[in-house]
Amino acid sequence: MPANRPDCPDDQPARAGGEVAGAPAFIADGAEIGPDCAIGAFVVVHAGVRLAAGVRLQAGAVVGKPVALGVSSRNRAPLPDCTVVGEGTTIGAGAVVVEGATIGSRCLIADQAHVRERARIGDETVVGRGTAIDCDVVVGRGVRIQSNCYIAATAVVEDDVFLGPAVTFANDRTAGRRPAGEPLRGPVVRRRARIGAGAVIMPGVEIGEDAFVGAGAVVTRDVPAGVVVVGVPARPLAANEG
């Protein structure tokens, strides 16, 4: 069937303060929409959002969603004044960006991904389908995060890192029984490191520059720069095992 049939409208030019013409989307008063943005059907843009030029929000995306916390949550840090999406970035169908997040230019936040409050994502980064970026995460420039990953709160992922599908970061060494005042300790992944599919990176672990973590590994200790680790628990790969 033709792509422009009346019951399947193309993305529409955006305007603040109400529905987008031709599609049942809503842009709240107080949102700032740059030139040449395009909005799909059923998109919601909350107040305090700033979309730079050329941003594309696909069907069902939500940007600036208010924070919702459990009654026992300790995540009470102040929020930035606005939610920012950089020039030329695409937010995929059904993706959610929570208020106070900052997403750089020319990024892809793929379908059904979730980016929480105070997370910061650098330019030209890809966040794969169904991936969750938790609060207070810092992701650098040119990072490639594949589908269904979980990046735990306070983690740092530096520039040009690759994370394979279903990589999981942990940040609580007590598994939910932290004493009052003990902070979460997300992993740190240094520049150009690569982590294979299904690997688990435990709280506070640092993966060095250009290191490689094999698929399915459970990393419980720091990995030096340039070292390859595999297994459960992860250990360096000997030269004759490569």
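The model is predicted, so local features are given only where pLDDT is at least 70, side-chain atom pairs count only at pLDDT 80 or more, and totals for chains, interfaces and linings use all residues. Residues are numbered from 1 along each chain as its sequence is written, and side-chain values use heavy atoms, with hydrogens and water left out.

**Strands and sheet**

The chain holds 0 helices and 32 strands, where helices (H or I, at least four residues) and strands (E, at least two) are DSSP runs numbered from the N terminus. An open sheet of 9 strands runs in the order β4-β7-β10-β13-β16-β19-β22-β25-β28, with parallel pairing. Its edge strands, β4 (32-33) and β28 (206-207), each pair on one side only; two strands pair if DSSP finds at least two bridges between them. Strand β25 (residues 188-189) pairs with β28 in the parallel sense over 2 bridges, and V189 stands opposite I207 in β28.

| Residue | Loop between | Relative accessibility |
|---|---|---|
| T131 | β17 (126-127) and β18 (132-133) | 0% |
| P80 | β9 (62-65) and β10 (83-85) | 41% |

T131 counts as buried because its relative accessibility is 0%. Leaving aside neighbours within four places in sequence, T131 is in contact (heavy atoms within 4.5 Å) with A113, H114, I145, Q146, S147, N148 and C149. A polar atom of the T131 side chain lies 2.8 Å from the backbone oxygen of Q146.

P80 and E117 are 37 residues apart in sequence, and their C-alpha atoms are 8.7 Å apart in space.

**The largest pocket**

The largest pocket holds about 380 Å³ of space. A pocket is found on a 1 Å grid over the protein atoms alone, as an open set of points where a 1.4 Å probe fits, with protein on both sides within 12 Å along at least five of seven lines, and lining residues have an atom within 4 Å of a point. The pocket is lined by 17 residues, of which S73, R74, N75, R178 and L184 lie nearest its centre.

Methods: Buried means under 20% relative accessible area, exposed over 50%, partly exposed in between (1.4 Å probe, protein chains only). A polar contact is a pair of N or O atoms within 3.5 Å; within protein, one must be able to donate a hydrogen and the other to accept it, and residues adjacent in sequence count only if both atoms are side-chain atoms. Grid points are joined across faces, edges and corners, and a volume is the space filled by probe spheres set on the points.
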